[in-house]
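Reader: I am new to this one and would like to go through it slowly with you. Could you put it on the screen, so that I can ask as we go?

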Amino acid sequence: MTLTIYGTARSRAFRVLWAAEELGLTYQHEPIDWREASANPVYLRINPAGSIPAIDDAGFVMAESLAINVHLAHKTGRLLPEAPHAESLLWQWTLWAATSLEAPYTRWASHSLWLPESLRDADKAQLAAQELTRPFDRLELALTGRDWLIGNTFSIADLNVASVINLIHKMDLGRWPNLAEWLSRCLARPAYAVAASRA
């Protein structure tokens, strides 16, 4: 049996597609739209929560994109940082991205990029950008004098954080040059482009 990834690249499934490409995994892609997943009886047998993405890894089924990526890294033994306490730091950055970055980023992107212009609220976008200041300050400090979040090489920690905020290069990042350069390195990776091209 093979790895199956459920969800389109225009959803959180993009994160898993990027990880799978980085890790060189062979996979089957089922591009289920996130707006239809919760009403799809076939998909609900895979993920009763109805959320996107989910994977079926040779019979092992799980959801939650960032956790899936850690699973896939361990499955292959690749993109795992080798620094002291690396596993703890990997989970620190992964959970931090989900709890401190994702909500304000989603509000900013919704009202800056995703929603039809008639539904965008500039005040909500500005407020969300202000809420991102402290998390961005933390990333800027963490990336001072280093190229990657943990150790000396790109890891699943970088992928997980970058995949949560991948469109912030469309924001003015002049205050955060380390963050801007790090994100550029992440998004320049060939696997990112391949994942972005998926339906």
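This is a predicted model: local features need pLDDT of at least 70, side-chain atom pairs count only at pLDDT 80 or more; totals for chains, interfaces and linings use all residues.

Reader: How many bridges join strand 3 to strand 4, and do they run parallel or antiparallel?

Author: Strand 3 and strand 4 are joined by four bridges and run antiparallel; strands here are DSSP runs of E with at least two residues, helices are runs of H or I with at least four, and both are numbered from the N terminus. Two strands are said to pair if DSSP finds at least two bridges between them.

Reader: Which other residue has a positive phi, near 60 degrees?

Author: That would be L79, a residue other than glycine, placed in the loop between helix 4 (65-76) and helix 5 (86-114). L79 counts as buried because its relative accessible area is 14%.

Reader: And which residues does the cis peptide bond join?

Author: The cis bond runs between I52 and P53, with omega about 5 degrees. P53 belongs to the loop that leads from helix 3 (41-46) to strand 3 (54-57).

Reader: What is the order of the strands in the open sheet?

Author: The order is 2-1-3-4, with four strands in an open sheet of mixed pairing. Strand 2 (27-30) and strand 4 stand at the edges with a single partner strand each, so one side of each has no neighbour in the sheet. On average, neighbouring strands are turned by 15 degrees against each other, direction ignored.

Reader: Which strands pair in the parallel direction?

Author: Strand 1 and strand 2 do, through four bridges, and L3 stands opposite Y27 of strand 2. By contrast, strand 1 (residues 3-6) and strand 3 run antiparallel, also with four bridges, and there I5 faces I55.

Reader: Changing topic, at what angle do helix 5 and helix 8 pack?

Author: They pack at about 5 degrees, with axes 9 Å apart; the axes are lines fitted to C-alpha atoms over the stretch in contact, and angles run from 0 to 180 degrees between N-to-C directions. The two helices are therefore roughly parallel, a label for angles under 35 degrees, with over 145 called roughly antiparallel, 65 to 115 roughly perpendicular and the rest oblique. Among the residues making this contact are W93, T94, A97 and L101 of helix 5, together with N160 and V161 of helix 8, contact meaning heavy atoms within 4.5 Å.

Reader: Is N160 buried or exposed?

Author: N160 is buried, at a relative accessible area of 0%, and sits in helix 8 (residues 156-164). Leaving out residues up to four places away in sequence, N160 touches L66, N69, V70, T94 and A97.

Reader: How many residues are in the largest nonpolar core?

Author: That core has 59 residues, and W18, L101, F136 and W182 have the most contacts inside it; a nonpolar core is a set of buried Ala, Val, Leu, Ile, Met, Phe, Trp, Tyr and Cys residues joined through side-chain atoms within 4.5 Å. Helix 5 gives the most to this core, nine residues. A second, separate core of seven residues includes Y6, A13, I32 and A37.

Reader: How far apart are the C-alpha atoms of I32 and Y6?

Author: They are separated by 6.1 Å, although the two residues are 26 apart along the chain. I32 lies in the loop between strand 2 and helix 2 (34-37) and counts as buried at 16% relative accessibility.

Key. Residues are numbered from 1 along each chain as its sequence is written. Side-chain values use heavy atoms; hydrogens and water are left out. Buried means under 20% relative accessible area, exposed over 50%, partly exposed in between (1.4 Å probe, protein chains only).
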